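Student: Could we go through this model together? I would like to begin with the chain as a whole and then turn to its parts.

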Amino acid sequence: MSNFLPFNTTMIRNLFTPLPPEQVRDDTPGFLAVLQGSSLILLAGSPQALLQDGSLPAGIVPDQEPLKIGLWQGKPLRAVRIAANITLPAEYEAVPFQGPDTGLDNTLATIAGRAAQILHWERRSRFCSHCGGELARIPDGWGKRCPSCGDEHYPHIHPCIIVLVRRGAELLLIRNAAWSPGRFSLVAGFVDFGESLEECVQREVREEAGIEVTNIRYVGSQCWPFPSQEMIGFLADYAGGEVRPDGVEVVEAGWFSEDALPASPGGGRSISRWIMDIYGKSGAGRTVITTSSSEAQGTM
Ligand SMILES: [Zn+2]
């Protein structure tokens, strides 16, 4: 079940109790999640624990006060971001929580992602998008209210579809312009105005690869805190068309044998990898379509 993917709550349910600041009534130092870019700051050589005693590395001043985001192992957990150009003291290291080869424990990657998502919302919700007034937190939640015009604002979480398209024993993979050569993944994209999730799947596959799909079915979802997506995973079957990448967002697209899939850019933590691992092989809860006999007849 996709609940067990990194960045989803289940990954840290035994370690972390999510709470808004007002509900963390314990004022002891507790733990600190210090973020720098897409990295978590840890004591060098002990990458399996968050910084304890709420202490920032000496000499490092954050842009804002650390924010309580819940309880980690029963103690207050505060999150804070430091500037990208700060040089860390030698006893600390910055370990990436995004990307293919981070070496970071999945639970720490997940809590780092949660901290990043909350701090992103806090940074982007300081002022009212309607009147420009300074927003105040609605007690006991992450929403904000504008004292000037009364508008309420809630965390922006963006739904994205991601889909594995199958044609017989082949899978449709694409290479985004931002990915290095040789790395391919599934078609994905943001839900647009007026779309069902299935309509979004159809449009994205058509736009990115020129393909029509059918038999769309949901398989799982994942929080993707870069900065705040909800990835909603689907399977679909090829229905027609010739592969034709759009040449802008997608620079390569093609059918890959399920037995020889290329490297993926999101690494082992992404739902794209999970979908390919679970559903990439023929026979994973579906009818196997073999084309070899008809093709052989066609060549005779
Ligand atoms: Zn306002």
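Student: What share of the contacts with a separation of 6 or more in the protein chain comes from residues 24 or more positions apart?

Tutor: Such residues account for 64% of those contacts. Two residues are in contact if their C-beta atoms, placed from the backbone, lie within 7 Å. Please note that this is a predicted model, in which local features need pLDDT of at least 70, side-chain atom pairs count only at pLDDT 80 or more, and totals for chains, interfaces and linings use all residues. Residues are numbered from 1 along each chain as its sequence is written.

Student: How many helices and strands does the secondary structure of the protein chain come to?

Tutor: There are four helices and 16 strands. Both are DSSP runs numbered from the N terminus, with helices being H or I of at least four residues and strands being E of at least two. The C-alpha atoms fill a box of roughly 80 × 50 × 35 Å along the principal axes.

Student: And how much of the protein chain is buried?

Tutor: Buried residues are 33% of the 300 in the protein chain. A residue is buried if 20 or more other C-beta atoms lie within 10 Å of its own, exposed if 12 or fewer, and partly exposed in between, with C-beta atoms placed from the backbone.

Student: Which domains is the protein chain divided into?

Tutor: The division gives domain 1 (2–124), domain 2 (126–155) and domain 3 (158–283). These bounds come from an automatic or database domain assignment. The centres of domain 1 and domain 2, taken over C-alpha atoms, are separated by 25 Å.

Student: How many residues of domain 1 and domain 2 are in contact?

Tutor: Four residues of domain 1 are in contact with five residues of domain 2. On the domain 1 side, two of the residues are nonpolar, one is polar and one is charged. Here Ala, Val, Leu, Ile, Met, Phe, Trp, Tyr, Cys and Pro count as nonpolar, Asp, Glu, Lys and Arg as charged, and the others, Gly among them, as polar.

Student: Where does the largest nonpolar core lie?

Tutor: The largest nonpolar core has 65 residues, and those with the most contacts inside it are A33, A112, A115, V163 and V165. Its largest share, eight residues, comes from α1. Domain 1 (2–124) and domain 3 (158–283) both give residues to this core, so the core lies between them. A nonpolar core is a set of buried Ala, Val, Leu, Ile, Met, Phe, Trp, Tyr and Cys residues joined through C-beta atoms within 7 Å.

Student: What covers the buried residues of α1?

Tutor: The cover includes β1 (16–18), β2 (31–36), β3 (39–43), β5 (67–72) and β6 (75–81). Among the buried residues of α1 are L108, I111, A112, A115 and L119. Leaving aside neighbours within four places in sequence, A112 is in contact with A33, L35, L40 and F97.

Student: How far apart are the end C-alpha atoms of helix α1?

Tutor: They are 27 Å apart, which agrees with the 27 Å that the 19 residues of α1 (residues 106–124) should span at 1.5 Å a residue. The expected span is 1.5 Å times one less than the number of residues.

Student: Turning to the strands, how do β5 and β6 pair?

Tutor: They pair in the antiparallel sense over five bridges, where two strands pair if DSSP finds at least two bridges between them. G70 has L77 as its bridge partner in β6. The two strands form a hairpin with two residues between them, and Q73 in the turn has a positive phi of about 50 degrees. β5 is also joined to β1 by three bridges, again antiparallel, and P18 has G70 as its bridge partner in β5.

Student: What order does the open sheet of three strands have?

Tutor: The order is β8-β9-β10, with antiparallel pairing. β8 (136–137) and β10 (152–153) each have a single partner strand, so one side of each is left without a neighbour in the sheet. R137 has K144 as its bridge partner in β9.

Student: Is D140 buried or exposed?

Tutor: D140 counts as exposed because it has 11 C-beta neighbours inside 10 Å. D140 lies in the loop between β8 and β9 and has a positive phi of about 70 degrees although it is not a glycine.

Student: Which residues does the cis peptide bond join?

Tutor: The bond joins F226 and P227, with omega about 5 degrees. P227 is in the loop between β14 (212–224) and β15 (229–240). Most peptide bonds are trans.
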